[in-house]
Amino acid sequence: MRTNKQFADFVAKLSEKDDTFEISKRAFLCLAGTYRFGEVRIYYCVERPKYQEERVEHEVKFHLEIGAIDEKMTYVMERTTGEDGLMRFTVVGLKGARQWTDDEKADLEMMLTVYMWHIARYRLINLVEMSATTDYMTKLPNTNGFLDYAEQLDKTNTLVSFNSFYFNLKGFGLVNLKYGKPNADEILKKYTTKVKKFLLEDEMVARLGGDNFVALVHKERTREFLSFIEQVIVHIDINEHKQRVEIPAYTGVFEIGESLQDLGDIISQCSIALNTAKNITKKPYMFVTEEMNKKAIQDKEIRSHFKEALQNGEFKVYYQPKVETDEYRIVGAEALVRWVRDGEVISPGKFIPLIEADGSVCELDLYMLAQVCNDIRIWLSEGVEPVRTSVNMSRKHLANPDFPDQIIGMIDEFGIDHKYIEIELTETASDEEQGLLNTFMTKMREQGIKTAIDDFGTGVSSFAILRSFPVDVLKVDKSFIDSEFVGDNDAIVISNIVKMANELNLEVITEGVERWKQVIFLRQIGCKLIQGYLFDKPMPYADFTERLKMKKYDKKNIKDY
Ligand code: C2E
Ligand code: MG
Ligand code: MG
């Protein structure tokens with residue numbers, strides 16, 4: 001090559017950090033004089049790009065303003081790109097200049113090869129930047145894109161004229177099941193198109209992942225947006241049939257104010273309100289309140305203290321007796337966890353759901369099992385006859401293939417008979433979990449460890465479980481007898497559950513029994529096992545040891561709770 005200096009300049013210019021058009025123009029200028037061209041035209045097309053959905057097509061012209069050009073004097077080159085695309089370069093010569101020699105043409109080819117590398121690199125940088133701020137499927141901004149936009153608004157002091165909305169689609173899992181994933185994706189894309197259409201130019205919606213979205217909408221359009229988002233209707237063709245899909249959502253709203261400290265709050269604050277709407281009030285939308293904030297802080301504290309509390313032995317086993325109603329003997333017990341923190345006893349309803357979300361409940365469950373095994377060993381060594389004691393296990397364990405071995409290993413480590421332990425699990429709606437539950441129960445049965453379905457009757461799969469699961473015990477949920485006295489419909493359902501359980505030779509126990517009236521009714525329908533405040537509330541080890549020694553209740557002393 002005869003023009004080393006110019007080529008070096010050309011490459012150096014392409015590496016500069018600036019607008020690509022300007023860079024390209026300056027780079028071509030380095031060579032234009034020597035090679036007598038006044039314009040470069042580039043056509044770029046990728047039919048099926050790997051990392052983008054739509055076809056890419058660009059055409060640019062760099063007119064170098066160094067003299068008139070001659071349309072008759074052109075040199076055209078084509079190259080295929082890494083993505084099976086096509087790049088066509090046209091170099092247009094200066095008017096009156098002589099034709100390019102073969103050597104010069106070879107140099108031009110070299111220039112364009114280098115230029116193509118530059119474009120490929122530039123495209124890559126763009127894609128990386130875009131994918132860092134964009135959701136691949138819907139092409140909406142993602143969390144980063146959302147925060148970038150909010151930051152821009154904040155800089156111009158306009159963010160306060162917006163409210164932020166965190167919304168989660170109701171039952172989108174079912175849409176996936178009903179229509180299949182590809183159709184559900186299509187539905188989601190149509191959904192986002194509708195949402196975008198509703199928004200004004202300076203409002204925005206982002207997808208945070210899954211069926212979670214966040215939007216910034218002008219304050220005065222809050223009600224309008226909430227009623228729009230409460231139910232969006234999308235039409236989709238499935239097997240040439242038009243389907244109408246209703247997509248309702250839960251929404252949390254945060255009213256952005258001057259006191260906003262951290263931009264991240266515009267997401268986290270409305271997510272607190274969403275959580276309340278979705279899991280507590282079951283209302284289509286909620287505005288975040290001071291009270292919700294307090295609870296969110298408390299919840300966070302619980303989550304962050306859990307590990308340390310487990311190590312410090314702050315979790316205690318409380319035992320609640322299970323009683324048969326012929327002679328009122330204590331025939332079993334349920335181990336229920338209590339968190340004793342600075343003298344305060346915290347009940348599981350306050351922390352189990354929180355530690356269930358991230359799976360740490362599994363550690364707690366195994367810890368409880370170990371404590372129960374240990375207590376049983378002590379009772380045995382002291383000559384107190386223990387009763388079969390059930391331990392609650394979260395369904396989160398089911399996905400762990402080692403779970404049955406963990407239980408068996410633990411019981412054996414304490415050297416106690418398997419007959420003393422029962423495992424309680426709640427029923428499940430998902431087919432996959434039912435399979436796992438079935439496998440688990442089969443393994444327990446092989447080992448002589450009894451299993452129970454807890455809160456029976458509240459789920460959807462109840463009767464299928466009755467027929468096909470290797471389960472030993474049904475615990476009828478207390479909601480059936482919660483009311484003043486058993487309501488008519490509840491009475492019919494519970495009678496049939498008990499009847500079926502008896503016919504299938506399953507043990508059946510009702511929990512939450514507080515009154516004698518309920519005992520009489522339960523005996524009439526054939527349920528003789530009872531757990532409830534009528535006899536005792538869950539109690540610490542020492543009190544329960546006294547109950548074990550007592551062996552049975554004296555009916556005379558038992559009063560309605
Ligand atoms: P569950 O397993 O259905 O336990 C029965 C709950 O009903 C217990 O609440 C018990 O104290 C309460 N109860 C019993 N008799 C009566 C009554 O007559 N009236 C009323 N109103 N309530 C009664 P607790 O101890 O607050 O436990 C709540 C739930 O927390 C349990 O429901 C169980 O799902 C979960 N849980 C407790 N301990 C553990 C544990 O170690 N691991 C796991 N994974 N979950 C646990
Ligand atoms: Mg239970
Ligand atoms: Mg229960």
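Reader: Why is strand E5 (residues 162-169) said to be largely enclosed by the rest of the structure?

Author: In this predicted model, eight of the eight residues of E5 are buried, so the strand is largely enclosed. Buried means under 20% relative accessible area.

Reader: Which residues point which way from E5?

Author: Phe162, Ser164, Tyr166 and Asn168 point one way. Asn163, Phe165, Phe167 and Leu169 point the other way. All are buried. In a regular strand, side chains alternate between the two faces of the sheet.

Reader: What makes E5 and strand E7 (residues 212-218) a pair?

Author: Pairing needs at least two bridges. Seven bridges join E5 to E7, and the two run antiparallel. Phe165 stands opposite Ala215 in E7.

Reader: How do you know that E5 pairs with strand E9 (residues 241-255)?

Author: Apply the cut-off of at least two bridges again. Seven bridges join E5 to E9, also antiparallel. Here the bridge partner of Phe165 is Val253.

Reader: How much of ligand 1 does the protein cover?

Author: The protein covers 83% of the 800 Å² of accessible area that ligand 1 has on its own.

Reader: Which strand gives the most to the shell around ligand 1?

Author: Strand E12 does, with four residues.

Methods: Residues numbered from 1 in each chain as written. Chains lettered and ligands numbered in written order. Predicted model: local features only at pLDDT ≥ 70, side-chain atom pairs only at ≥ 80, totals over all residues. Heavy atoms only, no water. Buried < 20%, exposed > 50% of the residue type's maximum accessible area, 1.4 Å probe, protein only. Areas by Shrake-Rupley, 256 points an atom, 1.4 Å probe, with all protein chains shown as cover.
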